[in-house]
Amino acid sequence: MKRILLGIVLGASVFASSAWAEGYFPFNTMPRFIQGDVEQTSFDGVTDDLLTAGLGASGLAGPAPAFDDPLAPTPAELRRLAIYNNYRALVDTAPGGGYGVFFGPGVDADGEGLIAGDEYRAFMRVRGSNVPVTAMVQVPASFDPRNACMITAPSSGSRGIYGAIGTAGEWGLKKGCAVVYTDKGTGTGSHNLETNAAQQLNGTLTESGQPVQFRADLSDTARADFSAVWPDRMAFKHAHSKANPEVRWGRHVLQSIRFGFYVLNEKFGRPLRNGKTLITLKPRNTLVIASSVSNGGGASVRAAEQDWWGLIDGIAVSEPNVNPRVDRRFTIRQGDGPVITEHSRSLLDYTTALAVYQGCANQAPAVRDSAPLNAVFNPPGIGENICHALANKGLVSGATLDERATDALRILNEDFGIQPEQNLLAPVHFGLAVAQGISMTYANAYARAGVEDRLCDLSLAATDVAGAVTPLASATEAALFSASNGIPPTAGVNLVYDGAAGQPTNLAASASPSSSQQDYGLDALLCLRSLAEGRDAVTGDQLDGDAEEQARAIAKGIARIRASGNLRRKPAVFVTGRADAILPINHTSRPYVGLNQKVEGHRSNLRYYEILNAHHLDVLNGFPGLADRYVPLHHYYFQALDLVWAKLKHRQPLPPSQVVRTQPRGDIGTPLSAQNLPAIDPDPADSDRILFVDNQLRIPD
């Protein structure tokens, strides 16, 4: 009897889910997960628009728009600057790098690429969390309900709601598709614990009890007590929501799709005499592609894995942040190189390793003498101190700086499977505190720690030129919605090492108590590394006390975000740059492809294109020393979308998995041409094909 009843309940649940997706419930109703009002704005495509906020292609390539009153920017001004900053954060707009020729609002569009249409923003929630998630739907005026299409655009990194505007947003809007966005529960939401100021849905600040993107889970008394000891600190949504939002990234994307269908049916559904609207657009007559880049790409992949409803038709993502389930039944090998068995390390595992060792590795002769901008971003003094401190702790070997730095580089390349192609870009990322900021943010998120926990004695605040904590400038805070990427250091908010020798100090300028010299707060970074390893990173001993509890919570949090590799046979394309120095390919795209082969086998419709001379942040290609070495991965992301579109609309086969051999331009004064950017080949040479043979993913050199 219990089995029969369980079957009835489960059957009813599945029917309800599929019934919603197929429109068996006839009337269009607001999804229950939408909280509060939906903000709707129409744009004429002349004075303002969906894609460029009225700036146009030339405006996005020009100077940043200013606020009339820096202390009280309007919602429209905040939106304009947010679109400007988010576009330029992911896309190289420098002359000669492909902008305006291969990609950009004006390519395959009229004039400046301004797009008229309607924009809808709202908060939504998921079961088990009370943290607001921002969702947005953009419907271009060119949308044709007879040829309905929808593109998902979850934000990359921890960016706000406009984080994918220049990637999935541009492609979808220019195609005439509705674009559905979500900040995935990360976003730029900040909470000033000193003043109680936080950001509303439209980006403006409020200190009252109005709905906001994020406030720390502290009573007024607890907040006051915390600020009395740790003044001028900030809490950020991704790090301090106590929600581990990554667990629900796929659900956030699926909810954004459902919100998109609600909006489309409000606009295009057939009105009935009873005042209700008949659901007209539904999954069966609307083409839906799950897309975006980096974290957004990973979120869309997770959505496809969890798509019980059949909402998604295909997937096209670039450099996705996926943490595939560890499966040692397969290996990875590039050319005649070593067989990689220790693949699929978690983001926190390899990122804390980069945070600890990269500062020293930057001083290795192979990197120091070749890496572009290394000396600019990493003055040698602190790097030498890091090497010295690591040697004193027995973590690197060698008697000289060169030997120690070379050993640190070896540890990253050999022990952690980080591609040598990433070595020349990694110093720039370390100088920008990418690994350091990610390590702090994700350790807190996975542990579901609050701002009051100050994991590893780290907090967030503005700092002065000497590194001391200072109040965040009012004008800087007013612009956070538009300027922050959601992971400090960002927009005037820095990582602060509260346990630094002397006083709380900007992590980059801090001295560790164990060394009493400026070593980028190595003690704090080793603490994060210990939590990721689950044991003391220096001694190898078992952790105890709070550290043991935090490490267990982190391990549990990581286990919950592992990807299954099951894309439900949906047509899918991954494009990734071999030189990706933020999401190492031996732990992300490559093992996901291998896992997918083990899970789906010959039924898999996933294709993987590995792009040579491409990396994670195209925006860096605008700098001398990088522009001559690298090509825009963004161009191949758009090709991925084109290929999936052609597969779904015209039944054109997806090209086989392959290595794409691009040609860097070699001179920043020489614009990129089609010769530099060969297309993904529908019939690649055998020497370029990526194959899964005998439980091994084989990738050509």
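## What "buried" means here

Buried is taken as under 20% relative accessible area, exposed as over 50%, and partly exposed as anything in between. Keep that in mind for this predicted model, where both Cys149 and Cys177 come out as buried.

## Three disulfides, paired in order

There are three disulfides in the structure. Count the bonded cysteines of the protein chain along the sequence and the pairing reads 1-2, 3-4, 5-6.

## Cys149 and Cys177

Let's start with the bond between Cys149 and Cys177, with an S to S distance of 2.1 Å. The pair links distant parts of the chain, 28 residues apart: Cys149 sits in strand S4 (residues 149-154), while Cys177 is in the loop between helix H4 (165-174) and strand S5 (178-182). As for handedness, the torsion about the S-S bond of Cys149 and Cys177 is about -100°, so this disulfide is left-handed.

## Cys360 and Cys387

Next up is Cys360 with Cys387, where S to S is 1.9 Å. Here the torsion about the S-S bond is about 100°, so the disulfide is right-handed. Cys360 belongs to helix H9 (residues 347-361) and Cys387 to helix H12 (residues 380-392), so the bond ties together parts that are 27 residues apart in sequence. Cys360 and Cys387 are both buried.

## H12 against H13

How are the two helices, H12 and H13, oriented to each other? H12 and helix H13 (residues 401-415) pack at an angle of about 80°, with their axes 10 Å apart. Angles of 65 to 115 degrees count as roughly perpendicular, and H12 and H13 are therefore roughly perpendicular to each other.

## Cys456 and Cys527

That leaves Cys456 and Cys527, whose sulfur atoms are 2.0 Å apart in a disulfide. The torsion about their S-S bond is about -80°, so this one is left-handed. Again the bond links distant parts of the chain, with Cys456 in the loop between helix H15 (434-447) and strand S15 (458-463), and Cys527 in helix H18 (residues 522-533), 71 residues apart.

Cys527, at 26%, is partly exposed.

Note on methods: Residues are numbered from 1 along each chain as its sequence is written. This is a predicted model: local features need pLDDT of at least 70, side-chain atom pairs count only at pLDDT 80 or more; totals for chains, interfaces and linings use all residues. Side-chain values use heavy atoms; hydrogens and water are left out. A disulfide is a pair of cysteine sulfur atoms within 2.5 Å. Helices (H or I, at least four residues) and strands (E, at least two) are DSSP runs, numbered from the N terminus. Buried means under 20% relative accessible area, exposed over 50%, partly exposed in between (1.4 Å probe, protein chains only). Axes are lines fitted to C-alpha atoms, for helices over the stretch in contact, and angles run from 0 to 180 degrees between N-to-C directions. Angles under 35 degrees count as roughly parallel, over 145 as roughly antiparallel, 65 to 115 as roughly perpendicular and the rest as oblique.
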